[in-house]
Amino acid sequence: MKNGKVYLVGAGPGDPGLLTLRGREVLGRAEVVVYDALLSPRLLDYAPAGATLVSASIPGDAPENGPALVDSVRDQLAGWFGAGVQRW
């Protein structure tokens, strides 16, 4: 398993113009991007052409399903980066 860093980048209310410069920077050099259905698809255009895009969406994605979505994202991260990913 390769050592590296995991960045959690919040995309705000979905408007790509509200993504922070730092968020765009780390997205621009990501090897793997784990995202959910709340993400604007236009933001995935900032990822490098060779990046692996992984949807962590769950059926019925909605704000009230937040805990299940957090579990789904955590499970995806653990699958890519090892069992050391803990619940936050």
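Residues are termed buried under 20% relative accessible area, exposed over 50% and partly exposed in between (1.4 Å probe, protein chains only). The model is predicted, so local features need pLDDT of at least 70 and side-chain atom pairs count only at pLDDT 80 or more, while totals for chains, interfaces and linings use all residues. Residues are numbered from 1 along each chain as its sequence is written, and side-chain values use heavy atoms, with hydrogens and water left out.

**View A. Salt bridges of Glu-25 with Arg-22 and Arg-29.** A salt bridge places a side-chain nitrogen of Lys or Arg within 4 Å of a carboxyl oxygen of Asp or Glu. The whole structure contains 2 salt bridges. The closest N and O atoms are 2.8 Å apart between Glu-25 and Arg-22, and 3.3 Å apart between Glu-25 and Arg-29. Glu-25 counts as partly exposed because its relative accessibility is 41%; Arg-29 is also partly exposed, at 47%.

**View B. Position of Glu-25 and Arg-22 in helix 1.** Both residues lie within residues 21-27, 3 residues apart, or about one turn of the helix. Helices (H or I, at least four residues) and strands (E, at least two) are DSSP runs, numbered from the N terminus.

View C. Val-33 is buried because its relative accessibility is 9%. Leaving aside residues up to four places away in sequence, Val-33 touches Leu-27, Leu-44, Ala-47, Thr-52, Leu-53 and Val-54, where contact means heavy atoms within 4.5 Å.
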